[in-house]
Amino acid sequence: MAETLIKLKNINLTYNKNKANAFQALFDVNLEIEKNNFVIIFGPSGCGKSSLLNTISGLEKPDDGEVLVEDKNLYKMTESAKVRFHRKTIGMIFQSYNLIPTLSVLDNVVIPQIFTNYSKKQRETKALKLLDRFGIKEHANKIPTELSGGEQQRIGIARAIINSQPILLADEPVGNLDSKSANNVMKILSNLNRKEEKTIIMVSHNPDNIVWGDHIIYMKDGKIINQEFRDTSGEITKTDNKDSDEMSKLEVLFRNFQGLSREQIKMLITPMKAKILTRALLIEMDERQVKFLEDTVRQRILGTVDEEELYRRLDDSEERGGLDMDARTAKKVSQKIESFIAVAHSVSATKKIGSDKRTEIVLKYLLSQVDINIKFSQLNRLREAVKHRIINKIDREKFQNLLDIPERVGGVGFNKKTAKKISKKMDLILMIGYGMS
Ligand code: ADP
Ligand code: MG
């Protein structure tokens, strides 16, 4: 039975309260966090993620409501009790590392131990052990800025757990890192969560990080708008997510297509497809922008908007009827949409493209979506599975299963998470591609 570790009850938080520039950042937030979960607080910039995290850590006193950590009311403790509690229970990791530039790597890690009873030697031994574990022991006597961003963040993690704190709070810990270093840091956090049973609460605006979590909190405009719980394979076990509603609506429609004309089907499902595809891209946008993009994607699927026009609408200023995206983002997003639509198109164009060619297109796309090394033997198995899935010779379950089971028993031998991810992408392709050409 899962144990509740942190509980927030009716939290409101207003900055500059009772002043002209008062700003309410959190609205009636209720939340329970279970022990040993990897929690991700996700949402666009400015939605209140850091405010929520700082409320949990005891740094930002809410207007009203309660924050209970291990059943202790955080904002009813005396200041000194809170400081002690903090030192023992909560470790913090920051986007900009917050290391002391004039101290050595080793001393940065040792700092939180200063108030403990350990000897200098004991503290340093403990710190070196952590540095060793995170692969930066040889840099112990350098100053932090001599290390790469990813390495500096590993110093930050070592410092955050030096007092063996059971709870780790991280505010955009990989926000400044390239994807490889980010992945390394996420792996370390994930290990701390799984092997040492630390409860991790991490803030991120980057959808790529969601896969690491088993409790995802979606925020928008100072409110929690959705929560998801996932099992170890990434399968969502509990949610009030509207996207899955949309998916299931579409599935129901698929089953009831008989009797409708091709045109009718198209008009019915294209808006849903547009919605699903837009959400799947998970771009940071406000409601107006999401609606606009959905509409544009819908027209792109139908072909009434071409590739150039799609890019123009993303890039153009609001006055000119666009989304006013940064040019590079617009390019990236439109390319994502284009490559998706192209691959979906190829699946549906059964008569125009040969079966082998189609399989290769889909295979290439799927592999571009996951970050894995794949052996030649696995590639062949995957190719076969994709081929059969496209022509519906095998269903989604069988497909995922084939990807998951070991090579020696005839499968592709991916791990569960990858199998799941690829199978979901495959489904999305088939769904968006359905009846397209
Ligand atoms: P996020 O971490 O999701 O980007 P924040 O929690 O930092 O969002 O901020 C939420 C909102 O509260 C933003 O509009 C931000 O400008 C405002 N805000 C954050 N900190 C302060 C502060 N100390 N004083 C006034 N407004 C603040
Ligand atoms: Mg923030």
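1. Starting at the ligand: a backbone N or O atom of Gly46 sits 2.7 Å from an oxygen atom of ligand 1. A backbone N or O atom of Cys47 is 3.2 Å from an oxygen atom of ligand 1, and for Ser51 a polar side-chain atom lies 2.6 Å from one. Polar contacts here are pairs of N or O atoms within 3.5 Å; within protein, one must be able to donate a hydrogen and the other to accept it, and residues adjacent in sequence count only if both atoms are side-chain atoms.

2. A word on what you're looking at: this is a predicted model, where local features need pLDDT of at least 70 and side-chain atom pairs count only at pLDDT 80 or more, while totals for chains, interfaces and linings use all residues. Residues are numbered from 1 along each chain as its sequence is written, chains are lettered from A and ligands numbered from 1 in the order in which they are written, and side-chain values use heavy atoms, with hydrogens and water left out.

3. Back to ligand 1: which residues are around it? They are Tyr15, Asn16, Phe23, Ala25, Pro44, Ser45, Gly46, Cys47, Gly48, Lys49, Ser50 and Ser51 (a heavy atom within 4 Å).

4. Now the helices (DSSP runs of H or I, at least four residues, numbered from the N terminus). α11 (residues 327–348) packs against α12 (residues 355–368) at about 150°, axes 9 Å apart. That angle is why α11 counts as roughly antiparallel to α12 (over 145 degrees). Axes are lines fitted to C-alpha atoms over the stretch in contact, and angles run from 0 to 180 degrees between N-to-C directions.

5. Who meets whom there? From α11 come Ser339, Phe340, Val343, Ser346 and Val347; from α12, Arg358, Ile361, Val362 and Tyr365 (contact means heavy atoms within 4.5 Å). The residues of this contact split into six nonpolar, two polar and one charged.

6. α11 also packs on α15 (residues 416–433), at about 70° with axes 8 Å apart. So α11 is roughly perpendicular to α15 (65 to 115 degrees). Phe340, Val343, Ala344, Val347 and Ser348 of α11 meet Leu428, Ile429, Leu430, Ile432 and Gly433 of α15. By class, that contact has eight nonpolar, two polar and no charged residues.

7. Last, have a look at Trp212, in the loop between β8 (199–204) and β9 (215–220) (strands are DSSP runs of E, at least two residues). Its C-alpha atom is 8.7 Å from that of Val39, 173 residues away along the chain. Beyond neighbours within four places in sequence, Trp212 contacts Phe38, Asn183, Met186, Lys187, Ser190 and Lys417.

Terms used
Parallel < 35°, antiparallel > 145°, perpendicular 65-115°, else oblique. Nonpolar A, V, L, I, M, F, W, Y, C, P; charged D, E, K, R; others polar.
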